[in-house]
Amino acid sequence: MRASGVLLHPTSLPSRYGIGDLGPGAYAFVDWLSEMRQGLWQVLPLTPTSVGDSPYFSPSAFAGNPMILSPDRLVEEGWLTAEDLADTPDFPDDRVDYEAVERYKGELLRRLAARFETEANPEQQEALVVFRAAQRPWLEDYALFMALKEEQGGLPWVDWPESLRQRNGGALADARKRLEPAIRRHALGQYLFFEQWQALKAHANGQGISIIGDLPIFVAHDSADVWAHPAFWRLNEAGNPTVVAGVPPDYFSATGQLWGNPHYDWKIMAETGYAWWVNRIRSLLTLVDRIRIDHFRGFAGFWEVPAGETTAINGSWAQGPGEAFFRSVANQLGDLPFIAEDLGVITPNVVALREAFGLPGMKILQFAFDTAETNNYFPHLFERNTVVYTGTHDNDTSLGWFQKAKPADRALMAEYIGKEQIDEPNWDLIRLAHSSVADTSIIPLQDLLGLGSEARMNLPGSQGGNWAWRYRPEALSPELTARFRRMTELYDRGV
């Protein structure tokens with residue numbers, strides 16, 4: 001079945017609270033998708049952010065980001081009062097200032113949690129207890145980890161006192177008593193996030209819109225997951241990684257990308273039936289309908305770099321868990337509603353793994369017109385079981401890409417689409433995506449809006465300034481709505 005949708009992370013939504021949230025702006029965006037007959041909304045990881053503000057570098061592989069809670073909905077639900085929001089700073093409309101947002105919303109959550117302790121009725125108290133019990137496999141470790149991290153001044157867990165670093169039973173019991181208010185605050189933040197997100201998802205599903213979530217293959221070293229389950233990762237006695245993740249030199253970087261995430265001990269994972277992974281996927285599927293697996297190729301083979309290297313050049317390929325992993329997950333969870341992010345250095349074993357489970361791969365149209373590379377990103381080469389994008393969060397916007405493209409690349413694109421002159425490269429790529437045989441076409445909102453490099457979401461390998469772009473509500477004009485709706489209908493992708 002042919003379908004289409006829009007790629008937009010919730011942090012990019014309009015809101016007066018400094019960051020996109022799950023309030024009126026999110027519901028208006030879903031309604032706009034419905035008006036254009038879109039069936040899909042794709043998001044980036046919904047987890048909390050830490051270093052570099054990246055959703056791919058989180059203190060938890062399970063938790064939701066409390067910074068995108070909607071203060072307006074918290075007022076509607078009685079958790080906050082209008083007076084609590086009276087001193088909201090004058091945040092910028094077009095960018096996220098993560099540090100300022102975290103100060104402001106962190107204080108709101110502290111105020112809310114303190115009020116909950118004294119004013120929550122028995123039903124509200126019981127709802128939190130039930131939520132904590134249902135999410136116990138990850139939530140209690142996460143809440144304790146975050147409370148300890150606050151107590152330790154934000155230090156990474158490997159720099160905590162040895163008894164906490166090694167999870168000594170007595171030390172953890174003492175910490176749970178000592179930090180109970182903070183632990184409850186973090187648990188409450190997760191309860192509210194899951195409540196707000198699932199309400200928004202129900203609104204989307206009710207209009208025929210499915211949500212595509214994102215599952216990063218790797219987790220941050222300084223996370224509740226690695227601290228609570230160190231045996232699942234390849235660490236030394238001090239808890240530090242012996243090898244770290246990245247990719248070799250490629251389209252994005254001449255020195256590769258050194259991500260720094262610890263690598264899994266796949267042998268230990270297999271001995272547990274991949275229980276941690278199964279729990280992770282099961283939890284995410286309560287929040288989304290389909291899952292894009294970021295860096296899918298890492299399940300076939302992954303690039304490991306000795307800890308201490310400053311680039312990813314001096315790494316080597318190692319074998320991933322392969323078919324055994326996906327068979328185990330399928331046996332425990334049933335159908336695999338996955339999209340395989342199979343970009344980068346793709347070898348035959350990666351293709352074989354994807355095809356063994358019938359998973360759709362990804363195609364990026366910007367890559368098709370790189371005359372320096374031999375590629376299979378031209379639409380006439382697509383298979384139906386494919387998800388096509390003009391670009392992703394790691395690419396420049398289509399307009400920004402075209403403006404920087406070599407003359408030969410521009411000429412190839414013009415020849416391919418049969419035009420003497422390209423005036424709207426973003427719309428030409430959107431048309432190529434929608435008209436292709438690919439079952440699914442996903443367009444970043446920046447490309448629908450015709451924005452340049454100033455709206456780029458992420459520049460891989462760079463530090464600072466990423467993940468911050470936001471749009472204003474007036475950008476979703478009637479003219480844009482009509483144009484994209486017509487293109488969706490013309491190419492038989494509407495719901």
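## Helix α12 and its cover

In helix α12 (residues 323–333), Phe325, Phe326, Ser328 and Val329 are buried (buried means under 20% relative accessible area, exposed over 50%, and partly exposed in between, with a 1.4 Å probe and protein chains only). Viewed down the axis of α12, its buried residues fall within an arc of 160°, so they line one face of the helix; the arc is that of the directions from the helix axis to the C-beta atoms. Helices (H or I, at least four residues) and strands (E, at least two) are DSSP runs, numbered from the N terminus.

Among the elements covering the buried residues of α12 are the helices α10 (266–271), α11 (275–284) and α13 (348–356). The strands β6 (290–294) and β9 (338–340) are also included in this cover. Contact here means heavy atoms within 4.5 Å. Just after α12, Gly334 takes a positive phi of about 90°.

## Basis of the model

This is a predicted model, in which local features need pLDDT of at least 70 and side-chain atom pairs count only at pLDDT 80 or more, while totals for chains, interfaces and linings use all residues. Residues are numbered from 1 along each chain as its sequence is written, and side-chain values use heavy atoms, with hydrogens and water left out.

## Two helix pairs

The axes of helix α7 (residues 169–178) and helix α8 (residues 180–205) come within 5 Å and cross at roughly 80°. That makes α7 roughly perpendicular to α8. Ala175, Arg176, Lys177 and Arg178 of α7 make the contact with Glu180, Pro181 and Ile183 of α8. By class, this contact of α7 with α8 has three nonpolar, no polar and four charged residues. Axes are lines fitted to C-alpha atoms, for helices over the stretch in contact, and angles run from 0 to 180 degrees between N-to-C directions. Angles under 35 degrees count as roughly parallel, over 145 as roughly antiparallel, 65 to 115 as roughly perpendicular and the rest as oblique.

For helix α4 (residues 122–134) and helix α5 (residues 136–151), the axes come within 6 Å and cross at roughly 105°, which means that α4 is roughly perpendicular to α5. Phe131, Arg132, Ala133 and Ala134 in α4 meet Arg136, Pro137, Leu139 and Glu140 in α5. The contact of α4 with α5 has five nonpolar, no polar and three charged residues. In these classes, Ala, Val, Leu, Ile, Met, Phe, Trp, Tyr, Cys and Pro count as nonpolar, Asp, Glu, Lys and Arg as charged, and the others, Gly among them, as polar.

## Salt bridges

The whole structure holds 24 salt bridges, each defined as a side-chain nitrogen of Lys or Arg within 4 Å of a carboxyl oxygen of Asp or Glu. One of them joins the side chains of Asp94 and Arg472 (2.8 Å, N to O). Asp94 lies in the loop between α2 (71–76) and α3 (98–119) and Arg472 in the loop between α18 (445–448) and α19 (478–490), so the pair ties together parts that are 378 residues apart in sequence. Asp94 is partly exposed, at 33% relative accessibility, and Arg472 is likewise partly exposed, at 35%.

Arg103 and Glu99 form a salt bridge (3.4 Å, N to O). Both residues lie in helix α3, four residues apart, about one turn of the helix, and both are exposed. The side chains of Lys419 and Asp428 meet at 2.7 Å, N to O, in another salt bridge. Lys419 is partly exposed at 39% relative accessibility, whereas Asp428 is buried at 9%. Salt bridges that share partners also join Arg37, Arg485 and Glu489 into one network.

## Ile211 in strand β3

Ile211 is part of strand β3 (residues 210–216) and counts as buried, at 0% relative accessibility. Leaving aside residues up to four places away in sequence, Ile211 touches Trp41, Val43, Trp197, Lys201, Ala204, Val288, Asp289 and Arg290. The C-alpha atoms of Ile211 and Asp289 are separated by 5.3 Å, although the two residues are 78 residues apart along the chain.

His295 is a residue other than glycine with a positive phi, near 60°. His295 lies in the loop between β6 and β7 (301–306) and is buried, with a relative accessible area of 6%.

Asp492, also not a glycine, has a positive phi of about 60°. Asp492 is found in the segment after α19 and is exposed, with a relative accessible area of 56%.
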